[in-house]
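Here's a quick briefing to read alongside the model. Have the structure open and click through the residues as they come up.

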Amino acid sequence: MTTSRKRQWPVPAGLILLSLVPVIAAFVRGAELASRPDVTPDNARFVTAPVPIVLHIVGSVLFALLGALQFVPSLRRRRWHRYAGRLVLPSGIAVAGSGLWMTLTYALPPIEDSGLSVIRVFVSTGMLLCLVLGFVAVRRRHYATHRAWMMRAYALGLGAGTQAFTFAFWTVAVGEPGVLAYALLMLAAWLINLGVAEYFIRRNDRKPRPGAGLSEGSVPRPKAGLSESRDFSGDAGSEPQLPRSTAWTG
């Protein structure tokens with residue numbers, strides 16, 4: 001592996017490690033449901049209505065892992081990126097939609113209150129909105145806008161990974177959180193992720209781009225006598241190459 005290729009992997013690798021938290025939790029919950037457990041106060045809402053949690057589990061695994069690979073520049077310049085995106089988008093919709101479904105229909109566990117439910121509704125709705133806007137942007141060939149909205153959606157979808165750290169820090173420093181602290185720690189993780197995403201979005205917006213004088217939705221045309229492959233990866237209908245960065249183009 002060349003040095004340039006090695007430099008592409010720290011951010012995706014870090015995201016994969018962070019995504020292991022929700023992925024492992026998803027597999028544990030899935031194994032529990034598959035074993036047909038006895039109904040207890042802790043699992044009653046999942047056992048009696050398993051459809052939304054199963055959708056959430058499958059969607060979370062695909063969205064977290066495939067989404068992390070969308071940050072690899074060399075993969076973004078191949079058709080793999082587009083094909084993977086066709087799984088990332090519906091997986092993200094499944095995550096946000098099932099999260100909203102569970103929030104509105106499942107009974108609240110003792111550690112949660114209606115305040116956290118309101119936060120969950122805003123987060124799930126916001127993630128759905130980001131995904132829709134990202135899809136609309138890429139259909140219009142507005143690739144920078146598409147990248148920004150998909151980064152925000154991924155940041156919200158990976159909240160469970162950051163929540164493991166916010167809860168760990170609080171537990172070590174203060175002890176077990178109460179109802180209010182529990183809700184605030186959940187919210188803090190989503191806000192941290194969004195803040196990091198916005199930093200990278202704005203940093204990449206400040207970078208000079210090839211063809212900066214063209215409108216965002218325009219596609220550069222190759223000069224007469226030159227192969228189109230200089231400006232496009234894949235076939236003539238593919239999207240133009242983007243500068244190498246750690247930003248999402250999902």
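At 29% relative accessibility, arginine 141 falls between the 20% and 50% cut-offs, so it counts as partly exposed. Keep in mind that this is a predicted model.

- Arginine 141 sits in the loop that runs between α7 and α8.
- Its backbone stands out: arginine 141 is not a glycine, yet has a positive phi of about 65°.
- As background, most residues other than glycine have a negative phi.
- Arginine 36 also has a positive phi, about 50°, without being a glycine.
- You'll find arginine 36 in the loop between α2 and α3.
- With a relative accessible area of 77%, which is over the 50% cut-off, arginine 36 is exposed.

**The overall fold**

- The protein chain has 10 helices and 0 strands.
- Read from the N terminus, the elements go α-α-α-α-α-α-α-α-α-α.
- The protein chain has 250 residues, and 39% of them count as buried.
- Take the contacts in the protein chain with a separation of 6 or more: 73% of them are between residues 24 or more positions apart.

- Which helix holds isoleucine 57? Isoleucine 57 is in helix α4.
- Isoleucine 57 has 14% relative accessibility and counts as buried, because that is under the 20% cut-off.
- Setting aside neighbours within four places in sequence, isoleucine 57 is in contact with Ala26, Arg29 and Gly30.
- Leucine 33 is part of helix α2.
- Leucine 33 is buried as well, since its relative accessible area of 19% is under 20%.
- Again leaving out neighbours within four places in sequence, leucine 33 is in contact with Phe46, Val47, Ile53 and Val54.
- The C-alpha atoms of leucine 33 and valine 54 are separated by 8.8 Å, with the two residues 21 apart along the chain.

**Aromatic rings**

- The count comes to 5 aromatic pairs.
- Are phenylalanine 71 and tyrosine 154 buried or exposed? Both are buried.
- Another pair is phenylalanine 167 with tyrosine 182: the ring centres are 5.0 Å apart and the planes are at 55°, so this pair is tilted.
- Here the link is between helices, with phenylalanine 167 in α9 (residues 159-173) and tyrosine 182 in α10 (residues 179-205), 15 residues apart.
- Phenylalanine 167 and tyrosine 182 are buried too.
- Ring pairs also join Phe63, Phe71 and Tyr154 into a cluster.
- There's a charge over a ring as well: arginine 152 lies over the face of tryptophan 149, 4.5 Å from the ring centre.

**The largest pocket**

- The largest pocket here has a volume of about 1,200 Å³.
- It is lined by 41 residues, and those closest to its centre are His56, Arg120, Ala160, Gln163 and Met186.
- Which helices each supply at least two residues of the lining? They are α2 (10-34), α3 (44-48), α4, α6 (79-105), α7 (114-139), α8, α9 and α10.
- α2 gives the largest share of that lining, with 7 residues.
- Sorted by class, the lining of the largest pocket is made up of 27 nonpolar, 9 polar and 5 charged residues.

Conventions: Residues are numbered from 1 along each chain as its sequence is written. This is a predicted model: local features need pLDDT of at least 70, side-chain atom pairs count only at pLDDT 80 or more; totals for chains, interfaces and linings use all residues. Side-chain values use heavy atoms; hydrogens and water are left out. Rings of Phe, Tyr and Trp (its six-membered ring) pair if their centres lie within 6.5 Å; planes under 30 degrees apart count as stacked, over 60 as edge-to-face and the rest as tilted. Buried means under 20% relative accessible area, exposed over 50%, partly exposed in between (1.4 Å probe, protein chains only). Helices (H or I, at least four residues) and strands (E, at least two) are DSSP runs, numbered from the N terminus. A charge sits over a ring if NZ of Lys or CZ of Arg is within 6 Å of the ring centre and within 35 degrees of the ring normal. On a 1 Å grid over the protein atoms alone, a cavity is a set of points where a 1.4 Å probe fits but cannot get out, and a pocket is an open set with protein on both sides within 12 Å along at least five of seven lines; lining residues have an atom within 4 Å of a point. Grid points are joined across faces, edges and corners, and a volume is the space filled by probe spheres set on the points. Ala, Val, Leu, Ile, Met, Phe, Trp, Tyr, Cys and Pro count as nonpolar, Asp, Glu, Lys and Arg as charged, and the others, Gly among them, as polar. Contact means heavy atoms within 4.5 Å.
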